[in-house]
Amino acid sequence: TMVANAGQRAVLQFTSGSTGAPRAVVWSHATLTRAADHLQQMFGFVSEDRHALLTPLTVASALAQVLAVLRAGAELHLCEARKCDARTLGARLREGITTLQTIPSVFRMLARSGGGLGPSLRAIKLGGEPVTPLDARLFVEHAPDDALLINGLGVTEAGFNVCWQGLRKRDLAPGSEVPLGRAPPGVMLTIEEGELHVASHDLAEGYWRDEEATRLRYRDDPMRPDYRVLRTGDLVEAAEDGTLRYVGRADDRI
């Protein structure tokens, strides 16, 4: 997507990083647009969709969801999970919701509550926490037959999901892990000493008014003059087919 004033700063998104102290990451309009583009590639939003936003609007992942859904002419339904019990939230999701994004712990609550995943659900994205074989089993047991399970790695310091994979029930064997998938066009991933590094033209600018922290996590890409590289702090492994598997953190961050 072409963006007017692409390099202009758009928003500050706060993250604790590995320190526990909030830090503001600078997203440009290009970064935010890429985040919305990636969600569109994952979900394939159309005007008939009814997307449930389960996080507060202040959470970093919410803004891209708002933009991607409304840009497609779809309906956006604000359903903050923290304000609802499982029964109430499940009832709202059964009211024609077709897509949603949430963390695995909330997904487990919905799946186990009985009827938490409505019959109209066609795609659900999990992230923010590791997606486990338990999540795959619950998806197979409780999601509609044609629904899509999307596992993606979103990194606030990047500004967008850096890789993802969509799987149907037939792709999930009992006890199978759910891989992180592959990078989309315009994003290059490398593994250096087990840590995932991300290169892209539209990476977030860095930490607001913290040059030292920015220097430790970001660098220029000598092979691609228009790209920058981010050390994510996430440990991954690459499977034979090139998909990534999440291992853990390279620091003390949870």
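D221 is buried, because its relative accessible area is 7% and the cut-off for buried is under 20%. The model is a predicted one.

The side chains of D221 and R224 are joined by a polar contact of 2.8 Å. If neighbours within four places in sequence are left aside, the residues in contact with D221 are A199, Y227, R228 and V229.

The next topic is the empty space in the model. Rolling a probe the size of a water molecule over the atoms shows where such space is left. The largest pocket has a volume of about 1300 Å³. Its lining is made up of 50 residues, and those closest to the centre of the pocket are I103, G127, G128, E129 and G154.

At least two residues each come from β1 (9-15), α1 (29-43), α2 (60-71), β5 (99-102), β7 (148-155), β8 (160-167), β13 and β14 (244-249). The strand that gives the most is β7, with five residues. By residue type, the lining of the largest pocket divides into 23 nonpolar, 18 polar and nine charged residues.

The last topic is the aromatic rings. A pair of them is described by the distance of the centres and the angle of the planes. The count for this model comes to two aromatic pairs. One of them is formed by F43 and F45, with 4.8 Å from centre to centre and 15° between the planes. This pair counts as stacked, because its planes are under 30 degrees apart. F43 is buried at 4% relative accessibility, and F45 is buried too, with a relative accessible area of 5%.

Y207 and Y218 also form an aromatic pair, with 6.2 Å from centre to centre and 80° between the planes. Theirs is an edge-to-face pair, because the angle is over 60 degrees. The pair links distant parts of the chain, with Y207 in strand β11 (residues 206-207) and Y218 in strand β12, eleven residues apart. Y207 counts as buried because its relative accessible area is 5%, and Y218 is likewise buried, at 5% relative accessibility.

Notes. Residues numbered from 1 in each chain as written. Predicted model: local features only at pLDDT ≥ 70, side-chain atom pairs only at ≥ 80, totals over all residues. Heavy atoms only, no water. Buried < 20%, exposed > 50% of the residue type's maximum accessible area, 1.4 Å probe, protein only. Polar contact = N/O pair within 3.5 Å; in protein donor to acceptor, adjacent residues only side chain to side chain. Contact = heavy atoms within 4.5 Å. 1 Å grid on protein atoms, 1.4 Å probe; cavity = no way out; pocket = protein on both sides within 12 Å on 5 of 7 lines; lining within 4 Å. Points joined across faces, edges and corners; volume = space filled by probe spheres on them. Helix = DSSP H or I, 4+ residues; strand = E, 2+ residues; numbered from the N terminus. Nonpolar A, V, L, I, M, F, W, Y, C, P; charged D, E, K, R; others polar. Phe/Tyr/Trp six-rings, centres within 6.5 Å; stacked < 30°, edge-to-face > 60°.
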